[in-house]
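Here is a short note on charged side chains, written for someone new to structures. Keep the model open while you read.

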Amino acid sequence: GAEKPRVFVVGRSPAVTADEAYEILEPLVDRPSSPSITVRELFPSAMLDELEGGTVDVVLRRGVSLPDRLAGATLTYHRMRVALHRDHPLAGRDSLALADLAASPIVVWAPPHTSFYTDFLVAQCRRAGFEPDLLVNRVQGTPPATAVLTSPH
């Protein structure tokens, strides 16, 4: 019998949605010789063990720090998606500049210095000329748009 082709396993941090993972992998999926691909959620604390153990081939993440023995690369940049209450003064606009958010609290998954992505976002706000008012989401592991549901703003 023919040897069964190996499945290519992609881990994704909870900060990368399944839709985003597919979008990133789509050029590979569209190839006629594409391997079978499995995408599964993987928390940052397990990434190193999974990669070194060979249970995943690659991990998609948003800027978590890397141990020296791993290599990382930026695959893409995305426009920031903003979820606002329908009564918010900025709701309904087709696009926003980051500076437009200066007067609004920003909900993040983790506090500064514990999330590279939060640190990146804070740095971008500072470059846009303001110090952000951050609210840390109390519910982890949910889709990004749900992060603001418990926020009074």
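1. Start with Arg 62. This arginine is partly exposed, because its relative accessible area is 23% and buried would mean under 20%. Keep in mind that the model is predicted.

2. Which residue pairs with Arg 62 in a salt bridge? The partner is Glu 20, and the closest N and O atoms are 2.6 Å apart. Arg 62 sits in the loop between S3 and strand S4 (106-108), while Glu 20 belongs to helix H1, so the pair ties together parts 42 residues apart in sequence. Glu 20 counts as buried, at 8% relative accessibility.

3. Now look at Arg 93. Its salt bridge is with Asp 100, with the closest N and O atoms 3.2 Å apart. Both ends are partly exposed: Arg 93 has a relative accessible area of 44%, and Asp 100 stands at 30%. Shared partners also matter here: salt bridges join Glu 20, Arg 62 and Arg 81 into one network.

4. The count comes to eight salt bridges. One of them links Asp 57 and Arg 6, whose closest N and O atoms are 2.4 Å apart. Asp 57 lies in the loop between helix H2 (44-53) and strand S3 (58-60), and Arg 6 in the segment before strand S1 (8-12), so this pair ties together parts 51 residues apart in sequence. Arg 6 is exposed, at 57%; Asp 57 is partly exposed, at 27%.

5. Finally, check the surface. Asp 19, Glu 23, Glu 26 and Asp 30 gather there in a patch of negative charge. Glu 23 is in helix H1 (residues 18-29) and is partly exposed, with a relative accessible area of 42%.

Definitions and conventions
Residues are numbered from 1 along each chain as its sequence is written. This is a predicted model: local features need pLDDT of at least 70, side-chain atom pairs count only at pLDDT 80 or more; totals for chains, interfaces and linings use all residues. Side-chain values use heavy atoms; hydrogens and water are left out. Patches are made of residues with over 30% relative accessible area and no salt bridge: like charges are joined within 9 Å, nonpolar side chains (Val, Leu, Ile, Met, Phe, Trp, Tyr) within 5 Å. Accessible areas come from the Shrake-Rupley method with a 1.4 Å probe; for residues, only the protein chains shown count as cover. A salt bridge is a side-chain nitrogen of Lys or Arg within 4 Å of a carboxyl oxygen of Asp or Glu. Lys and Arg count as positive and Asp and Glu as negative; His and the chain ends are not counted. The place of a charge is taken as NZ of Lys, CZ of Arg, CG of Asp or CD of Glu. Helices (H or I, at least four residues) and strands (E, at least two) are DSSP runs, numbered from the N terminus. Buried means under 20% relative accessible area, exposed over 50%, partly exposed in between (1.4 Å probe, protein chains only).
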